[in-house]
Amino acid sequence: MENFDIIKTNTFLQGDSVTKKTIIKVVLSFSAIIALAGFVMGTMSSEASKTVTAESGYAGQTTSEFIASIGESARQIAQENDLYASVMIAQAILESSNGQSALSQAPHYNYFGIKGSYNGNSVTMLTWEDDGFGNAYEIDESFRSYGYISGSLYDYASLLRTSTYSGTWKSNTTSYTDATAALTGLYATDTAYAYKLNSIIDMYGLTAYDSPAYEVQTYGAEQGATTTGDYVWNSHRGAYTDSATLAEDEAWLAHIGLSLN
């Protein structure tokens with residue numbers, strides 16, 4: 001009888017041990033599934049965030065930084081081609097999301113969304129179009145791939161110097177607004193294209209680039225000395241300042257945690 005009770009007890013304990021092991025295995029398996037699901041969701045979230053960042057263009061350089069990076073080149077190229085640098089820069093901002101869109105990144109550097117091929121080089125991407133009545137739709141298009149930034153700027157000028165875009169030339173217009181109006185429905189199908197460009201030009205004071213660099217009076221080591229001014233629009237001061245002053249303002253604002261836009 002005692003032996004029988006011992007056998008029953010051992011069997012019960014063994015069964016209890018098996019049950020505990022089974023429960024532990026199930027719990028561990030369930031935990032592993034949860035951890036795996038969390039990892040997958042986290043990865044998906046991270047990738048989704050990267051996609052949004054690449055398309056929105058606001059996680060990289062600010063608009064002011066982008067303007068500073070191409071402003072003087074745009075001024076020179078526009079001067080040489082009877083074009084408005086303000087319009088050129090505004091289109092680059094709009095078309096490339098401050099140089100952060102996929103098309104404007106290396107190795108393509110297409111800042112203006114120009115379609116076709118350049119020296120035989122192109123890339124196919126999904127883009128939005130307007131049917132002319134304000135209705136947007138998506139379509140795959142081939143865009144020019146340049147390999148370097150200056151190639152994009154010079155090719156843009158070459159395109160606008162064709163007779164098709166003669167309505168954008170300084171010699172044929174009275175202001176940049178005539179040029180943006182000529183581009184609407186011709187360069188871009190967006191019916192609000194001129195309005196968007198004009199808003200950008202006004203917001204960032206881009207007309208400053210429509211004139212050659214000029215001389216300004218400075219007060220440094222030699223009071224009253226004259227130097228060539230390389231001025232940009234400083235939205236923080238609501239006036240034109242040199243690039244160094246703009247950089248200092250943005251560094252200070254970044255230090256105190258304010259938005260640079």
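## A walk around helix α3

Let's start with Ser 97, which sits in the loop between α3 and β1. Helices here are DSSP runs of H or I with at least four residues, strands are runs of E with at least two, and both are numbered from the N terminus. What you are looking at is a predicted model, where local features need pLDDT of at least 70 and side-chain atom pairs count only at pLDDT 80 or more, while totals for chains, interfaces and linings use all residues. Residues are numbered from 1 along each chain as its sequence is written, and side-chain values use heavy atoms, leaving out hydrogens and water.

Ser 97 follows α3, and its phi is positive, about 55 degrees, even though it isn't a glycine. Why mention that? Most residues other than glycine have a negative phi, and most peptide bonds are trans. Ser 97 is partly exposed, with a relative accessible area of 21% (buried means under 20%, exposed over 50%, and partly exposed in between, using a 1.4 Å probe and protein chains only).

Tyr 109 is partly exposed, at 22% relative accessible area. Pro 107 lies in this loop as well, and a cis peptide bond, with omega about 5 degrees, joins Ala 106 to Pro 107.

Now step back into α3 itself, residues 85-96. With 1.5 Å a residue, its twelve residues should span 16 Å (the expected span is 1.5 Å times one less than the number of residues). The end C-alpha atoms are 16 Å apart, so the two agree. Ten of the twelve residues are buried, so α3 is largely enclosed by the rest of the structure. Among the buried ones are Val 87, Met 88, Ile 89 and Ile 93. And what covers them? The cover for the buried residues of α3 includes α2 (63-80), α4 (149-160), α5 (176-183) and α6 (193-204).

Take α2. Its axis comes within 9 Å of the axis of α3, and they cross at roughly 140 degrees. (Axes are lines fitted to C-alpha atoms, for helices over the stretch in contact, with angles from 0 to 180 degrees between N-to-C directions.) That makes α2 oblique to α3; under 35 degrees counts as roughly parallel, over 145 as roughly antiparallel, 65 to 115 as roughly perpendicular, and the rest as oblique. On the α2 side, the residues that meet α3 include Phe 66, Ile 70 and Arg 75, where contact means heavy atoms within 4.5 Å. On the α3 side, Met 88, Ala 92 and Ser 96 are among the residues that take part.

The helix α2 also pairs with α4: their axes come within 10 Å and cross at roughly 25 degrees. That makes α2 roughly parallel to α4. Here Ser 73, Gln 76, Ile 77 and Glu 80 in α2 meet Leu 153, Tyr 154 and Ala 157 in α4.

Finally, zoom out. The protein chain has seven helices and six strands, running α-α-α-β-β-α-α-α-β-β-β-β-α from the N terminus on. Buried residues make up 33% of its 261 residues. Of the contacts with a separation of 6 or more, 53% are between residues 24 or more positions apart.
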